Amino acid sequence: MYNFSKFIRWPAKAFNNEDELFVIGVVGKDAFLEISAVLESGKIGTHDISVRYYSKIDEIKGCHLLYIHQKTPDFWQPLIRKLKNSGTVMVGEASTFARQGGMIQFMTIKNKLRFIINFKAVKAAGFDLDSRLLSLALELIK
C-alpha cells in the first residue's frame with residue numbers, strides 16, 4: 001500500500017496543509033497489526049505516515065488510504081458507499097471488490113501479488129494515477 005501511495009495524486013482538498021499526517025487505515029477482521037511500525041517510519045511526499053486501525057465504519061474519518069481486510073460484501077459495500085467522495089483510496093482483496101466500486105483490488109496469482117484498478121471509481125473520486133501504476137495493473141475497469 002505504501003508503494004501504491006507514491007503513484008497516486010490526491011486532490012488538493014485531501015490535505016489542509018503540507019504537514020498534515022498521511023493516514024493509512026486498516027479495517028476488518030484479522031487485519032495486519034505489524035504494518036504500523038514499518039509504515040509509520042516513512043513519508044508520503046511531505047506527509048508523515050500514521051496508521052490507524054478501525055473496527056467500525058463510523059470511526060473512519062480523515063483517512064487517505066484504506067485497506068479493507070474483509071471479504072464479505074455485506075461489510076465492505078456500505079463502506080464504499082459511505083467513503084465514495086471522501087478523499088479516501090479504498091483497497092481490498094475480495095474477489096468482486098473492484099467490480100463493485102472498490103478502487104484497487106489485490107489478488108495473488110502464482111504466488112505474486114497483482115492488482116486490478118477500477119479506473120472509473122478512482123477518477124470519479126478525483127484521484128490521478130501515475131501511468132506507471134496503471135501499466136502494472138492486471139486489469140483496468142473503465
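The structure holds 7 aromatic pairs. The model is a predicted one.

Select W10 and F22 to begin. Their rings form an edge-to-face pair, with 5.0 Å centre to centre and 90 degrees between the planes. W10 sits in the loop between β1 (8-9) and β2, while F22 belongs to strand β2; the two are 12 residues apart, and the pair links distant parts of the chain. Both W10 and F22 are buried.

Next, select F4, Y67, F106 and F115. These four residues form one aromatic cluster.

Move on to helix α3, residues 73-83. Colour W76, L79, I80 and L83, the buried residues of this helix. Now look down the axis of α3: the buried residues fall within an arc of 100 degrees, so they line one face of the helix. An α-helix has 3.6 residues a turn, so residues three or four places apart point the same way.

What do the buried residues of α3 pack against? Show β2 (22-27), β5 (65-68) and β6 (89-92), which are their packing partners. Then turn to the face of α3 directed away from the buried side, where the exposed residues D74 and R81 are found.

The last stop is the largest pocket, with about 270 Å³ of space. Of its 15 lining residues, select I80, K84, G101, N118 and A121, the closest to the pocket centre. Helices α3 and α4 (119-124) are the elements that give two or more residues to the lining, and α4 has the largest share, 3 residues. By type, the lining divides into 7 nonpolar, 3 polar and 5 charged residues.

How values were computed: Residues numbered from 1 in each chain as written. Predicted model: local features only at pLDDT ≥ 70, side-chain atom pairs only at ≥ 80, totals over all residues. Heavy atoms only, no water. Buried < 20%, exposed > 50% of the residue type's maximum accessible area, 1.4 Å probe, protein only. Helix = DSSP H or I, 4+ residues; strand = E, 2+ residues; numbered from the N terminus. Arc of directions from axis to C-beta. Contact = heavy atoms within 4.5 Å. Phe/Tyr/Trp six-rings, centres within 6.5 Å; stacked < 30°, edge-to-face > 60°. 1 Å grid on protein atoms, 1.4 Å probe; cavity = no way out; pocket = protein on both sides within 12 Å on 5 of 7 lines; lining within 4 Å. Points joined across faces, edges and corners; volume = space filled by probe spheres on them. Nonpolar A, V, L, I, M, F, W, Y, C, P; charged D, E, K, R; others polar.
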